[in-house]
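Thank you all for coming.

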Amino acid sequence: QGLIPVDKLVDKLSSQIERLEPTLVTIRAERQQEELARVIREQQDQAYQLSLQRDRQREEERREERLLQEITDQWLKWRAFTLKPEVDASKKGEYARIAIRLSTGERVLRRFAKDVAIEEIYAFVELSEKGLLNSGENVPKPEGFIYPYLFKLISPMPRAQLFPSRKTLIKDEPIVWPNGNLIVESNDS
């Protein structure tokens, strides 16, 4: 109340500031700690969510790989079961004689019926290389699955590639009809 000289007012305010400054410093430090803890929690939450997302993605990829492997195994069993048997040598004109050099270096000679698709040769090679000939099971063909052959069949003279067509018949392909010589090459060569 009333007039207070300036120097007394300044002294009074200064003493209050000095008295309350440790409390203010403590409150400011607590707020800084709380803010720092909040930022650290947010960063940890983000890192956790990112890690969780990566784990889910890896699990999904593993699940898809397992499913693809199961479908591939089913297809191989089905294909081994449905592979046409070798044509008897006495049926002249009903088969093509095809010599195949497998990727292992082994040479296989087989008689394929003239009225089967070129894909039959690819299936025979795949099953031979995997050791699955004569090991098929009567399982259903996987719906909509197209087996990815990871090799190509090449005729050495003249050099030409034989594609795994399901529509072209052996008798319609001059590379293998009536006799053919094929080499297995990996797709990356």
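Predicted model: local features only at pLDDT ≥ 70, side-chain atom pairs only at ≥ 80, totals over all residues.

Let me begin with what the buried residues of α2 pack against, namely α1 (6–82), β1 (95–101), β2 (107–113), β3 (151–156), β4 (159–162) and β5 (179–186). Helices here are DSSP runs of H or I with at least four residues, strands are E runs of at least two, and both are numbered from the N terminus; contact means heavy atoms within 4.5 Å.

Residues are numbered from 1 along each chain as its sequence is written, and side-chain values use heavy atoms, with hydrogens and water left out.

Staying with α2, 10 of the 11 residues of this helix (residues 119–129) are buried, so the helix is largely enclosed by the rest of the structure. By buried I mean under 20% relative accessible area, against over 50% for exposed and partly exposed in between, with a 1.4 Å probe and protein chains only. Just after the helix, G131 takes a positive phi of about 70°.

The largest nonpolar core has 30 residues, and I100, I121, L153, V176 and L182 are those with the most contacts inside it. Such a core is a set of buried Ala, Val, Leu, Ile, Met, Phe, Trp, Tyr and Cys residues joined through side-chain atoms within 4.5 Å. The largest share of this core, 6 residues, comes from α2.

Turning to the strands, an open sheet of 5 strands has the order β2-β1-β5-β3-β4, with mixed pairing, where two strands pair if DSSP finds at least two bridges between them. Because β2 and β4 stand at the edges, each with a single partner strand, one side of each is left without a neighbour in the sheet.

Which residue in β5 is the bridge partner of L153? That partner is V184, and β3 and β5, which run antiparallel, are joined by 4 bridges. L153 also touches I121, Y122 and V125, among others, not counting residues up to four places away in sequence.
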